[in-house]
Amino acid sequence: MKATGIVRRIDDLGRIVIPKEIRRTLRIRESDPLEIYTDREGEIILKKYSPIGEMTSFARQYAESLAQASGRTALIADRDQFIAVSGGFKGILGKSISKDLEDKLGRREMVIASKGDSNFIPITQDLTDEFEQEAIYPIICEGDMIGGVVLIDNSDKGKMGEVEQKLVQSAAGFLGRQMEQ
């Protein structure tokens with residue numbers, strides 16, 4: 001565990017304030033759920049809660065199916081990072097999503113773009129892999145955006161179109177409904 005040197009007092013309602021610098025670094029936003037853990041030494045640990053993160057093995061299987069059906073790389077992200085990758089670009093697994101992708105998902109926008117298009121966006125903070133095509137759709141659960149489904153490709157299969165749009169849309173819809181159960 002890393003010490004920050006910051007000390008905060010608990011108010012009369014039992015609340016503490018997480019410093020802005022820490023919230024910014026860890027990408028904790030207002031109304032983000034935090035999970036509370038305790039350990040044997042009496043430490044309290046706050047961890048960002050990812051509802052879709054609890055479905056990691058299911059998301060991995062779904063990504064494999066999506067990659068096989070589409071012939072492209074399939075990625076599933078929660079609000080912060082990629083939790084499942086199949087079909088290539090394995091280095092993206094666990095990487096933070098880009099601010100652009102976070103914004104698009106937050107605005108519930110669908111993206112189908114080729115490199116060079118005005119709506120083509122980087123999908124990770126530090127992407128080193130190159131790809132030419134992307135299809136992106138937000139995962140909505142009980143009215144909240146909880147992540148996204150992304151298809152990427154760098155082969156000569158041609159531009160992504162209506163088929164890929166329907167694939168990411170149905171995958172996102174299915175995953176959102178699974179979270180509601």
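In the predicted model, a nonpolar patch lies on the surface, formed by I10, I16, I36, I44 and L46. Together these residues present about 540 Å² of accessible area. One of them, I16, sits in the segment before α1 (20–25). I16 is partly exposed, with a relative accessible area of 46%. That value is over the 30% required of patch residues.

An open sheet is built from five strands. Their order is β4-β3-β7-β6-β5, and the pairing is antiparallel. The edges are held by β4 (82–86) and β5 (111–114). Each has a single partner strand, so one side of each is left without a neighbour in the sheet. On average, neighbouring strands are turned by 15 degrees against each other, direction ignored.

Within the sheet, β3 (residues 73–77) and β7 (residues 144–153) run antiparallel and are joined by five bridges. A77 has G148 of β7 as its bridge partner.

Helix α4 (residues 162–180) packs on this sheet. The helix touches β3, β5, β6 (133–141) and β7. Its direction makes about 25 degrees with that of β6. L167 belongs to helix α4. Leaving aside residues up to four places away in sequence, L167 touches L66, S70 and L151.

Key
Residues numbered from 1 in each chain as written. Predicted model: local features only at pLDDT ≥ 70, side-chain atom pairs only at ≥ 80, totals over all residues. Heavy atoms only, no water. Patch = residues over 30% accessible without salt bridge, like charges linked within 9 Å, V, L, I, M, F, W, Y side chains within 5 Å. Areas by Shrake-Rupley, 256 points an atom, 1.4 Å probe, with all protein chains shown as cover. Salt bridge = Lys/Arg side-chain N within 4 Å of Asp/Glu carboxyl O. Helix = DSSP H or I, 4+ residues; strand = E, 2+ residues; numbered from the N terminus. Buried < 20%, exposed > 50% of the residue type's maximum accessible area, 1.4 Å probe, protein only. Pairing = 2+ DSSP bridges. Axes fitted to C-alpha atoms, helices over the stretch in contact; angles between N-to-C directions. Contact = heavy atoms within 4.5 Å.
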